[in-house]
Every structure is written in C-alpha cells, then in structure tokens.
Amino acid sequence: MSNIEKQAIYKTFISYHEGFKKGLLGHHHRGKRNDRDEVDVASLRSKDRYDYIMVDEVQDFIPAQLSAVMQACTDANGFIFAGDTCQTINPGSAFSFDNLRDMFHSRFSTRPKMFTLSTNFRSRSGVVNIANRLVKLLGETFPRSVDQLRDPESQD
C-alpha cells in the first residue's frame, strides 16, 4: 500500500472518528457502550434454562455477559454464536473467537465447532477489496485486534 493510500485511509478514519465522537455515526448512546450493557447479567443466571441460544453480534458482548449466556443453556450443542471482530462497535473491546472458544471449553469441557463464512453477499467486490486491505493493515499494525481469517470474497 502506498503512502498516499495510507494517508487517505487515515484521513477517512479521523473523519469517521470525529463524527462518531459527536454522536453522528455508529450505534452508541451517550453514557453506555450499547443496548446489550443494559442486560441484567444476574437475571440470566436465574434458574431458567434454555435448550438453544443464538447470539448474534457476539463481538460486542463482554465476557461476563457471555458467561451468563453459557450458564443459561442446558446443552453445549445448543449454541450458535455469530459475529465479526472487524465489526466491533465497542472501542477497546478485547473479544476474539479464540477467547470465546476457550470460555466455551472451560464451561463445557468440549471444543465448539467453528465455521467461517467466506463470501460477502452484502457488498460489491470493490468495497470488499478495500475492507480486506484495511483488515490486513489493522492485523499487521495491531496483531491481536482482529481474528486472522481468509479474505472474504464478494458475490458479484
């Protein structure tokens, strides 16, 4: 990647970050990380148990919330966790699928089956290509900030 491309990406990031701080972008609300933080973790630790639990946007959950969710399911095979570390909306989030796998193993003494989706059906190839370049740069600069996966492809 050339210096000109890097500068353009950085300028775009700064512009986005400023809009984010002003509340013009993103899913944040002043004073809390996201709507999931209002979940009463203690209530998930009640006697209620479920056969199946599906968690979407898992990258935005904190470990205490994930632990409570895992306690609420009766069967290790009853979980579906879906997410993308490149779409984390919480600044400073330390989520990784490796950590989730370790938490799961600690709780159930078994390794979960992991599946990686490699086709992006939502975005055109130009968008996917630049996103892949940004993720690669992010991974090189901050090696443990995103899960290292094969570059997704576009459907178009």
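# Reading salt bridges, burial and core

Me: With which residue does R101 form a salt bridge, and how far apart are the closest N and O atoms?

Reply: Side chains of opposite charge can pair when their charged atoms come close. The term salt bridge applies when a side-chain nitrogen of Lys or Arg is within 4 Å of a carboxyl oxygen of Asp or Glu. Here R101 pairs with D98, and the closest N and O atoms are 2.8 Å apart. This is a predicted model, in which local features need pLDDT of at least 70 and side-chain atom pairs count only at pLDDT 80 or more, while totals for chains, interfaces and linings use all residues. Residues are numbered from 1 along each chain as its sequence is written, and side-chain values use heavy atoms, with hydrogens and water left out.

Me: Where do R101 and D98 lie?

Reply: Helices and strands are DSSP runs numbered from the N terminus (helices: H or I, at least four residues; strands: E, at least two). R101 and D98 are both in helix α4, three residues apart, which is about one turn of the helix.

Me: How many salt bridges does a search of the whole structure find?

Reply: The search finds two. R111 has a relative accessible area of 48% and D102 one of 40%, so both count as partly exposed.

Me: What pattern does the protein follow along the sequence?

Reply: The order is α-α-β-α-β-α-β-α-β. That comes to five helices and four strands.

Me: Which residues of the largest nonpolar core touch the most other members?

Reply: In soluble globular proteins, nonpolar side chains tend to be buried together. A nonpolar core is a set of buried Ala, Val, Leu, Ile, Met, Phe, Trp, Tyr and Cys residues joined through side-chain atoms within 4.5 Å. The largest one here has 16 residues, and V58, F79, F81 and L100 touch the most other members. At least two core residues come from each of β1 (53-55), α3 (63-71), β2 (79-81) and α4 (97-108). Helix α4 gives the most, with four residues.

Me: What is L100 in contact with, leaving aside neighbours within four places in sequence?

Reply: Contact means heavy atoms within 4.5 Å. On that basis L100 is in contact with V58, L66, M70, F81 and F95.

Me: Is V55 buried or exposed?

Reply: V55 is in strand β1 and counts as buried, at 5% relative accessibility. Leaving aside neighbours within four places in sequence, V55 is in contact with F61, V69, I80, F81 and A82. V55 and I80 are 25 residues apart in sequence, yet 6.2 Å apart in space, C-alpha to C-alpha.

Me: Which residues form a nonpolar patch on the surface?

Reply: Patches are made of residues with over 30% relative accessible area and no salt bridge; like charges are joined within 9 Å, and nonpolar side chains (Val, Leu, Ile, Met, Phe, Trp, Tyr) within 5 Å. Y10, F13 and I14 form this one. Together they have about 310 Å² of accessible area, a quantity from the Shrake-Rupley method with a 1.4 Å probe, where for residues only the protein chains shown count as cover. F13 is in helix α1 (residues 3-21) and is partly exposed, at 44%.

Note on methods. Buried means under 20% relative accessible area, exposed over 50%, partly exposed in between (1.4 Å probe, protein chains only).
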